[in-house]
Amino acid sequence: MAVAKWWKVDFHTHTPASRCFKNFKSLNENDDIKNELATAWIEKSIENKLNAVVVCDHNSMGWIEILRNINNQLGNKIVIYPGIELCTTINKMHIIIIFDPASTEEMHRTFMEQCKLPKNIWGDTEKYVNEDDLITAIEYFKKEYKEKILLIPAHYDKTKGMGKSLTEEGIKEFIKKIKIDAIEIRDEDGEKRVKQDIKKQILPNIATVIGSDNPGERLGEHSIEGLGEKYTWIKMSEPSLEGMRQALLDYDSRVIKPIGNFRDEYNPNEIDHSYLSGITVNDLKHIKNINVRFSPNLNCIVGPRGAGKSTIIESIKLALNKGTNLKNLKVINKTYTARSNIDLYYNFGSLRPYKITINGRRSLPKCTVIDSNEKIVDESPEFNAVIFEQKEIFNIVENEEDIEKSENSPLLNIIDNNITIDKIDIEEDINKKREELLKLSEDLTNKRKKLKEIPKIRAEIEKSSSQLEKFRTTGILDKKERLDKLKRDLELIKEKINTIKDSNKSYLDMIKTLINEYSIIEKNGLSDEGKYLFNLLLDKLDRLNNVINIFEKDSLECFSNIDNIIQSSLLYESIVKNTKEYNNLLEENTDIKVEQYKEISNKNTNNILKLEKLNKEIENNKKIESDIIGKIDEYIDIQKSLTYKRKLVIDEINKNAENIRLDIHSMSHGVRWIQNLRKDIGKKDYFDSQFEQLYDSLFQNEILNVNKYKEWLKFLLTTDTGDINEFLESDQFDMKFKNIWETNFKNNRLTSLMNINLEDRVEIKILNGNNEISINEGSPGQKSAAILAFILNQGNEPLIIDQPEDDLDNSLIINLIVDNIRKQKLNRQIIIVTHNPNIPVLGDAEGIIMLDRNQKGEVSLKFNKATGCIEEKRIKEGICEIMEGGIEAFEKRENKYKALKI
């Protein structure tokens, strides 16, 4: 046996044993023709990809053995469920009887005889079985053969169907006398009719199936061509009657009918989500060899204490982590040896299988990944799964509001596994915006430091202005300016005269030098004519030299006269007079240092320019503060975008979850925020009432007041004092509490409080009919159940949980857990280690692994039975033996529609 899978079943087929089969007479003439038709019949079923067929001829089982023999010859590629479509005396209503594929010809013949249908009238549709005879036949069969049979009213709302042939009271009366297992429909109208009759309590909650009735070309005719035209998918681990019965009993989970817009090519055995297909564990100290197969849906690992259940989970964990966390695994760390070998089979959907092998030295286990082509993969994909160990689920609630136990909200961490990439991008944007805000705050602080120079600069301007004013009131400044002006005039005139004087002397000296140079020319080298001219000119030059000497003497006398004129000029007298007056003023005002006037004046001018610039900085600071406020809005909007992504996940959870509802409140996990705040400023155990007041100012009914939070951020980023009363006026804040904030401000640590993350708050409510309670108001068991329901309803990677029921009673498991497991196992693989029989039985596990210890004390498979399902006898026995309450769980399953749906 193996894990449950989907079987494509035609629930209503006919052979030439039915007299309405096309050419039935000629097809029954001899064995060769029968075998030829039977071969074609089987091959047509295989061609249409049927896995099983219910052969139910009208009042006949005459072709069962023929089909069985041919099927055997062809390799038993299809499962044959022997059956019969009985015509009853109850308004000629038709009902399908189905037997186990292993039932014998003798058993079939006995049933027919009990129905008073001797073989000589088989196939005669004009023969009708009496209701009492049918009841007798059913009871006799069950008693004689200890075997079950299935009863399914045929084509419910069509001709000769129960819904067409009987009145509402007639249907109720029939079902009271004869228990039916399902109802056959033909189309959507039939499905609607059954649902209506269930709602009107004419019918019980019951499965519906569809079969082809392999129609021919003419109305009411059967033929090979119609085989598999309509069918039903049935989930079971083996093609048995009990497997089919369990599927019909749990039709929500195990029956799919292709009607309406259903795609013909759809195959529910093709899996899109990732799953573990199996694991082998060899040569641990307590395990010689274990080979376990897993279903892509729900798997339950059961067994007594110490039977190796947690070892299987730890082995999976070791393989998924590629052998890197051996020391963190309690059991494996003690039992792993150099000979140990673990093979984990991981599938990315149906088409991408991998094998992860862990073996080698205990100190450094080796990991090898092999793909479907048996090739070693060097760069393997990530093999993701969510694993919760014992008590870990319960601890999620306990750790949700305790920063010491969990740095981040555990609930958010689980949700964020669904939005990993989006979260990384958004958090990067949040960090960038936070850095921008901190940079602006730093700029504001630095500029404010400069602004603190304003009073000092103003004082210096006042002082220097006073000094300059005194210069002006005493007249010293005017006198000095007058004297300086006169001196500059004199200097200008003297400078020009001296220039002339110097130029005159320079030019005369130059001419005399040139004349002298002429006179010493070498005459002997000249011609007679040259000598003559030379001497002639030399005479003239001597006369010029005399003239120059006379001019030089006269010019010296002229310049001497000029000096006298200057000395006796009105300008010179004014300078002497003003100098005297100026010196007298200095003697009268000894505290005035005229030589510092320029320095004081320049400094005063510079200070005035500085003050003007700083006044402009005040306006710039106002702009920075405005920018900070604007970026606070942007910062919060980005955080809200993360909330929105999380809300999409939560909306999907709410759409799928049973008995719980989730809400998310943006940036409202105030409990964790205030704890982190107190821890960061080193006051974790002090000022309780004052921190509570701070909390209450930001959070009303545990929801953040966003506007108040903006004020808080503004305080952190723009305060110039660190006075907490800037944010919140309160006469209850004592000086020690206020000093905390002022000290942090002075130490430039106040803005760092912005780094304290204000997390979203996830609220889980437990629904019970029209009532709901917050998870925080629930019992420990209700909390664990709600968290487990939450975990089940998000993500699609394999989910592995070790004994989730430790804190739960049966009512919680049934009301909160089972329905969520049943719903989510269709979309993700679930592997649960459990001691509670309600989980595998009512959860309808597709794979049940029973572990035990053999006589050597080694972990082994109980009954040497590999993975199976609850319809298998050994699995039932194991559950009832291992699990307390196993029998009651199966009884609940038998009555599940009353127990769970009403």
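Student: Is R646 buried or exposed in this model?
Tutor: The model is predicted, and the relative accessibility of R646 in it is 6%. The cut-off for burial is under 20%. Because 6% falls under that cut-off, R646 counts as buried.

Student: Which residue meets R646 in a salt bridge?
Tutor: The N to O distance of the pair is 2.8 Å, and R646 lies in helix α20 (residues 597–656). The partner lies in the loop between α24 (735–746) and β20 (761–768), so the pair ties together parts that are 114 residues apart in sequence.

Student: How far apart in sequence are the parts tied together by K235 and E846?
Tutor: K235 and E846 form a salt bridge whose closest N and O atoms are 2.9 Å apart. K235 is in strand β8 (residues 232–236), while E846 is in the loop between α27 (838–842) and β24 (847–853). Both K235 and E846 are buried. The parts that the pair ties together are separated in sequence by 611 residues.

Student: Which residues are linked with K235 and E846 in a network of salt bridges?
Tutor: By the distance rule, the model has 59 salt bridges. The network that holds K235 and E846 also holds R254, K825, D844 and E871.

Student: Which residue forms a salt bridge with K288?
Tutor: The closest N and O atoms of this pair are 3.6 Å apart, and a salt bridge is counted within 4 Å. The partner of K288 is D283.

Student: Which residue caps the N-terminal end of α2?
Tutor: The cap is a side-chain oxygen placed 3.1 Å from the backbone nitrogen of D32. That oxygen belongs to N30.

Student: What backbone oxygen lies 2.6 Å from a polar atom of the side chain of T579?
Tutor: T579 is in helix α19 (residues 570–588) and counts as partly exposed at 23% relative accessibility. Leaving out residues up to four places away in sequence, T579 touches L483 and K487. The backbone oxygen at 2.6 Å is that of I575.

Student: What is the angle between the ring planes of Y346 and F383?
Tutor: The ring centres of Y346 and F383 are 5.1 Å apart. Y346 lies in strand β13 (residues 341–348) and F383 in the loop between β15 (366–370) and β16 (386–388), so the pair ties together parts that are 37 residues apart in sequence. Y346 counts as buried at 1% relative accessibility, as does F383 at 5%. The pair is edge-to-face, with the planes at 65°.

Technical notes. Residues are numbered from 1 along each chain as its sequence is written. This is a predicted model: local features need pLDDT of at least 70, side-chain atom pairs count only at pLDDT 80 or more; totals for chains, interfaces and linings use all residues. Side-chain values use heavy atoms; hydrogens and water are left out. A polar contact is a pair of N or O atoms within 3.5 Å; within protein, one must be able to donate a hydrogen and the other to accept it, and residues adjacent in sequence count only if both atoms are side-chain atoms. Helices (H or I, at least four residues) and strands (E, at least two) are DSSP runs, numbered from the N terminus. A salt bridge is a side-chain nitrogen of Lys or Arg within 4 Å of a carboxyl oxygen of Asp or Glu. Buried means under 20% relative accessible area, exposed over 50%, partly exposed in between (1.4 Å probe, protein chains only). Contact means heavy atoms within 4.5 Å. Rings of Phe, Tyr and Trp (its six-membered ring) pair if their centres lie within 6.5 Å; planes under 30 degrees apart count as stacked, over 60 as edge-to-face and the rest as tilted.
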